[in-house]
Amino acid sequence: MKVNRVKKLIMEAVPYEPGRQTTYLSLYDDVTSYSSELGFNITKIDFRQAITLLHEEQCIYHFDDSDIRPTQHGLVKYT
């Protein structure tokens, strides 16, 4: 499923330290770059859905678009 690949790419792109902050735009740019290198494109809708699911799974905290942080749970789950 495409959203699972996007979730994995997001978790690979977040800072590898629980609670360390990144932004939605920075994360989106990194993930779209990674996906292009892997030969597939993602839409903004796919990306937003993956962010929402990761937040619901408590793998990231999405406070707002300027403050997204990985959790220890998420870093362990996706490594």
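**Entry 1**

Which residues does Val31 touch, not counting residues up to four places away in sequence? I looked this up and found Leu9, Ile10, Ala13, Ile42 and Phe47, where contact means heavy atoms within 4.5 Å. I note that the model is predicted, that local features need pLDDT of at least 70 and side-chain atom pairs pLDDT 80 or more, while totals for chains, interfaces and linings use all residues. I also note that residues are numbered from 1 along each chain as its sequence is written, and that side-chain values use heavy atoms, with hydrogens and water left out.

I then turned to the largest nonpolar core, which has 22 residues. Such a core is a set of buried Ala, Val, Leu, Ile, Met, Phe, Trp, Tyr and Cys residues joined through side-chain atoms within 4.5 Å. Buried means under 20% relative accessible area, exposed over 50%, and partly exposed in between, with a 1.4 Å probe and protein chains only. Val31 is among the residues with the most contacts inside this core, together with Ile10, Met11, Leu27, Phe47, Ile51 and Leu54. H1, helix H2 (24-38) and H3 each supply at least two residues of the core. The largest share, 6 residues, comes from H1. Helices (H or I, at least four residues) and strands (E, at least two) are DSSP runs, numbered from the N terminus.

**Entry 2. H1 against H3**

How do helix H1 (residues 2-13) and helix H3 (residues 44-56) pack, and at what angle? I read an angle of about 70 degrees, with the axes 9 Å apart. The axes are lines fitted to C-alpha atoms, for helices over the stretch in contact, and angles run from 0 to 180 degrees between N-to-C directions. H1 and H3 are therefore roughly perpendicular to each other, a term that covers 65 to 115 degrees.

On the H1 side I listed Lys2, Val3, Val6, Lys7, Ile10 and Met11. They meet Asp46, Phe47, Gln49, Ala50, Ile51, Leu53 and Leu54 in H3. By class, this contact has 9 nonpolar, 1 polar and 3 charged residues. Asn4 also lies in H1, and I found Asn4 partly exposed, with a relative accessible area of 38%. The C-alpha atoms of Asn4 and Ala50 are 46 residues apart along the chain and separated by 7.5 Å.

**Entry 3. The strands**

I next examined strand E1 (residues 60-64) and strand E2 (residues 67-70), which pair in the antiparallel sense over 4 bridges; pairing requires that DSSP finds at least two bridges. A hairpin of 2 residues joins E1 to E2. Ile60 stands opposite Pro70, and Asp64 stands opposite Asp67.

Is Asp67 buried or exposed? Asp67 is buried, with a relative accessible area of 13%. Leaving aside neighbours within four places in sequence, Asp67 is in contact with Gln21, Thr22, Tyr61 and His62.

**Entry 4. Gln58**

Last, I looked up Gln58, found in the loop between H3 and E1. Phi of Gln58 is near 65 degrees, a positive value in a residue other than glycine. Gln58 is exposed, with a relative accessible area of 56%.

Key:
Parallel < 35°, antiparallel > 145°, perpendicular 65-115°, else oblique. Nonpolar A, V, L, I, M, F, W, Y, C, P; charged D, E, K, R; others polar.
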